[in-house]
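I opened the model today to look at strands, a helix pair and sulfur links. Here are my notes, in the order I took them.

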Amino acid sequence: MRRALALVLLAAACTSTSPRTAAGPTPTVPTPTPTVTSPVASPRATGFPSCTTYRAADPRRPVLTADVTVRGRKVAGTERIVFTPDLAVGQLVFRLWAAAPVPSRYGGRQAVTSVEVNGAPRASTRPSPTVLRIPWSGPAGTPVTIELGFTLTLPVGADERWGNRGSTSWFASGMPLLAWESGHGWDVEPATTQFAEASTSEEMRLDRLTVHHAAGLTVLATGGTMSRTATTLVTSAPSVRDVAVAVGRFRIALVNGPVPVTVGVTPGLADDPAEIARETAAYLRGHIARFGPFPYQHVVIAVLPDISGGIEYPGAILLSTRQDKDATLSHELGHQWFYGLVGDDQARDPWLDEAFATYSEALERGTASSYTSVLRLPRSVRGKTGLPMTYWEGRPGYYQGVYVQGAGALLRARARDPRRFDAQLRCYIAHNAHRIATPADVARDLPLAVAELRRVGALRG
Ligand SMILES: [Zn+2]
């Protein structure tokens, strides 16, 4: 995620073109051609390991089935998760991110209306607005089935991943999110009031996401389309760590790029969905050549009101208007590898996805020099790239300290030996695909970056 205001320093480097309105409304979303991930072009012979094969997703990852009904600001749903912990557990924990302070301030609410574990009703507690605890003990390796009923009241004007404006509704991290981190346990870090994420989740097999909506609206959501009627969309995905849903009377465009790209623009916004779809395909080609195959079957982009910048989700991006005219679109697409494929604890190690996504956009758009000068950074943020969201809470400088400073370190390291750096980065991605990475993984797999990352405080010890 990034703030539009934070892009001011890059704006001069952008080639700005006037947005055009779409040729006309498209009544239905074209169904993306079923596809498998396009193989990445073989790296040129570099003499370095190519690492083009990603580590496989955990075969025992959680399995999610969800059903939601969207009516303006109101969302009602159920979700069923089959969870096989890799450590013994003494409780089950879900995060209710739509109840975080910022959406709450704008009228957002999230309630859990029913809890069942292995088919029996269970009591639960809510020690903070974003934490749901269910008493439950179980050994490692034993599946447990959790079924939750929930409701959302979407905020209005929150500049967030939850919102409603007219016929357009959107939510991401909107369903209770299993807060497990393999090998670690439950992640219960506090929410942040920054324009940022504090969520962590392992990948899940999205067995079935059903979205019910009013006739005349279309849905853009994480996952490949399984079926569609006038009032229902069903998607599924082999392995995603969260879900985004946008419902509205979108102007739609579809481009078959490296993967199918679907863009929907909210009525009243001037953005041209076909132009954004073409730009997306072009950015994807660059990212794929650098990092490896696109991690999902397709990508959907919803251009929305009341959001500044963009917010990344697996195979889905919520974007503000005109964000294809600056670095945001390329940045959010970079997150498909850094956050999406290679996950991180976004509260503990926000730089792990933000510095790399900013690095992605800088290389793709030729703006590296905007990030590499330490002297441009405020003194107050120097050496603080590796600090968690709890440090940045209530403090200025998050964007400069984490995004810019972190990307600058990566770019300076790459400049010394680009081919070797690119090879190491591909191996970092391949080794850490489908899991939650840590700074120690970067230190192990990307040794060329270690000195620079230590210098900016991203790696410690
Ligand atoms: Zn970001």
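I began at a hairpin, where three residues link S16 to S17. I took helices (H or I, at least four residues) and strands (E, at least two) as DSSP runs, numbered from the N terminus. Strand S16 covers residues 224–228 and strand S17 residues 232–240, and the two pair in the antiparallel sense over four bridges; strands pair if DSSP finds at least two bridges between them. Across this pairing I found Thr-225 opposite Thr-235 in S17.

A note on what I was reading: this is a predicted model, with local features needing pLDDT of at least 70 and side-chain atom pairs counting only at pLDDT 80 or more, while totals for chains, interfaces and linings use all residues. Residues are numbered from 1 along each chain as its sequence is written, and side-chain values use heavy atoms, leaving out hydrogens and water.

Next I traced an open sheet of five strands with mixed pairing, in the order S19-S20-S21-S23-S22. From one strand to the next, the twist averages 15°. Inside the sheet I checked S20 (residues 260–265) and S21 (residues 299–303), which run parallel and are joined by five bridges. Thr-262 faces Val-300 in S21.

Then I turned to helices. H5 (residues 351–365) and H7 (residues 398–416) have axes that come within 8 Å and cross at roughly 60°; axes are lines fitted to C-alpha atoms, for helices over the stretch in contact, with angles from 0 to 180 degrees between N-to-C directions. I listed the contact residues (heavy atoms within 4.5 Å): among them are Trp-351, Phe-356 and Tyr-359 of H5, and Tyr-398, Leu-410 and Arg-414 of H7.

Last, how many disulfides are there? I counted one, taking a disulfide as a pair of cysteine sulfur atoms within 2.5 Å. The bond joins Cys-51 to Cys-427, with S to S at 2.1 Å. Its S-S torsion is about 85°, so the disulfide of Cys-51 and Cys-427 is right-handed. Cys-51 sits in the loop between helix H1 (8–11) and strand S1 (63–71), and Cys-427 in helix H8 (residues 418–432), so the pair ties together parts 376 residues apart in sequence.
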